[in-house]
Amino acid sequence: SETETVTQHVGKQQNGHSVAEPPMEEDVFDDTYKEKDGPKPPIKLVWKNIISMSLLHISALYGLILIPSASVLTLAWTVLCYLISGLGITAGVHRLWSHRSYKASLPLRVFLAFANSMAFQNDIYEWARDHRVHHKYSETDADPHNVKRGFFFAHVGWLLVRKHPEVTAKGQKLELSDLKADKVVMFQRRHYKLSVVTICFLLPTLVPWYFWGESLDVAFFIPGLMRYAMVLNATWLVNSAAHIWGNRPYDKTIYPRENRMVAFSAMGEGFHNYHHAFPFDYSTSEFGWKLNPTSAFIDLMCFLGLAKDRKTVSKETINAHIKRRGDGSYTTS
Ligand code: ST9
Ligand code: ZN
Ligand code: ZN
């Protein structure tokens with residue numbers, strides 16, 4: 001079958017050699033799943049989320065107008081906080097914990113969990129659980145951000161309503177023992193609220209105020225709230241834009257697309273047609289560091305001995321996929 005052909009060619013890079021290893025099954029698309037017939041359950045709005053997301057975005061716009069009054073150091077700090085929180089999502093909960101596409105040592109996992117709390121996108125366990133159902137049941141009722149329900153739903157709407165019961169039902173059948181066995185993941189889950197208050201909001205605000213005398217409101221609204229909202233939207237664009245706009249050189253039968261603009265803002269996560277075709281590739285792309293600072297980061301961690309066993313896909317497997325399922329738009333440039 002298709003998956004077997006793919007898995008046969010999966011290798012992990014270990015001192016330059018490839019070794020065969022069966023990939024995790026929990027993120028492999030299940031094409032046998034059929035949605036239940038009959039009317040869809042009613043939509044239940046969650047007003048607490050609607051109000052807090054609206055306030056966050058108004059605050060982020062206010063942060064934007066405050067930019068001219070911020071010091072250069074504060075702006076550099078904002079960029080740094082964006083990059084750290086971004087890595088907590090891309091290298092952390094996405095490529096490591098959801099897909100197990102490489103292995104990370106304890107100090108690296110501690111850093112990634114810290115960075116993940118700075119991004120405040122639900123704890124690692126919950127994010128990875130939702131993400132595995134997203135890959136396994138893409139574009140169905142069991143996909144938490146099913147893009148068939150529209151751009152807005154896939155972008156942020158899904159966080160403002162109760163989940164479709166199929167998301168929970170299918171999610172409960174997933175194998176999550178690897179996450180439960182990871183002490184760093186469980187520690188972050190236990191102390192999640194406190195970690196978010198301190199790392200996502202207090203730290204970004206207090207550093208510029210304490211170290212270079214930035215005003216508290218500039219520090220709160222720019223590296224705090226505006227940066228948080230920007231990382232959220234960069235992430236959400238992968239679910240919305242990269243499931244709607246772009247080419248499908250690897251598999252024209254699925255929704256996810258290659259979208260360079262999304263790849264840029266999401267630190268390498270916009271090669272989404274490739275990613276859904278080969279979810280176990282640590283680089284989420286076949287083009288290395290191109291528009292992909294997250295891959296450069298993981299490679300650096302391997303160089304430093306803090307990570308290992310990066311899984312990749314062989315060129316032959318990729319080419320076979322392109323030939324059999326691609327939309328004909330494939331180019332290497
Ligand atoms: C946020 C997440 O923004 C963004 C994720 C984006 C993913 C992107 C992926 C793209 C690829 C990677 C690209 C990275 C790019 C990064 C770029 C960086 C520069 N399975 O959820 P509840 C059960 S978060 C199994 O409350 P409701 C479970 O028992 C933003 N079971 O359901 C659960 O209890 P527990 C900030 C499941 O009531 C129970 O149901 N956060 C599953 O329907 C209740 O779960 C917010 O805004 C499952 N999948 O509420 C909060 N799901 O957890 C948003 C549920 O204890 N969330 N169960 O085990 C909420 O308020 C609620 O979840 C809700 C639904 C209202 C949306
Ligand atoms: Zn996707
Ligand atoms: Zn993924």
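Predicted model: local features only at pLDDT ≥ 70, side-chain atom pairs only at ≥ 80, totals over all residues.
Local features are given only at pLDDT of at least 70 and side-chain atom pairs only at 80 or more, while totals for chains, interfaces and linings use all residues. Residues are numbered from 1 along each chain as its sequence is written, and chains are lettered from A and ligands numbered from 1 in the order in which they are written.

The chain holds 15 helices and five strands, counted as DSSP runs (H or I of at least four residues for helices, E of at least two for strands) and numbered from the N terminus. Its C-alpha trace spans about 60 × 55 × 40 Å along the principal axes. Of the 333 residues, 46% are buried, that is, they have 20 or more other C-beta atoms, placed from the backbone, within 10 Å of their own.

Around ligand 1 there are 31 residues, of which G86, R162, K163, G171 and A266 come nearest; a residue is near if its C-beta atom, placed from the backbone, lies within 6 Å. The elements below each give two or more residues to this shell.

| Element | Residues |
|---|---|
| α3 | 72-98 |
| α5 | 124-136 |
| α7 | 165-171 |
| α11 | 216-239 |

A241 lies in the loop between α11 and α12 (260-265), and it counts as buried because it has 22 C-beta neighbours inside 10 Å. Leaving aside neighbours within four places in sequence, A241 is in contact with N259 and V262, where contact means C-beta atoms, placed from the backbone, within 7 Å.

Technical notes:
Buried ≥ 20, exposed ≤ 12 C-beta atoms within 10 Å, placed from the backbone. Contact = placed C-beta atoms within 7 Å.
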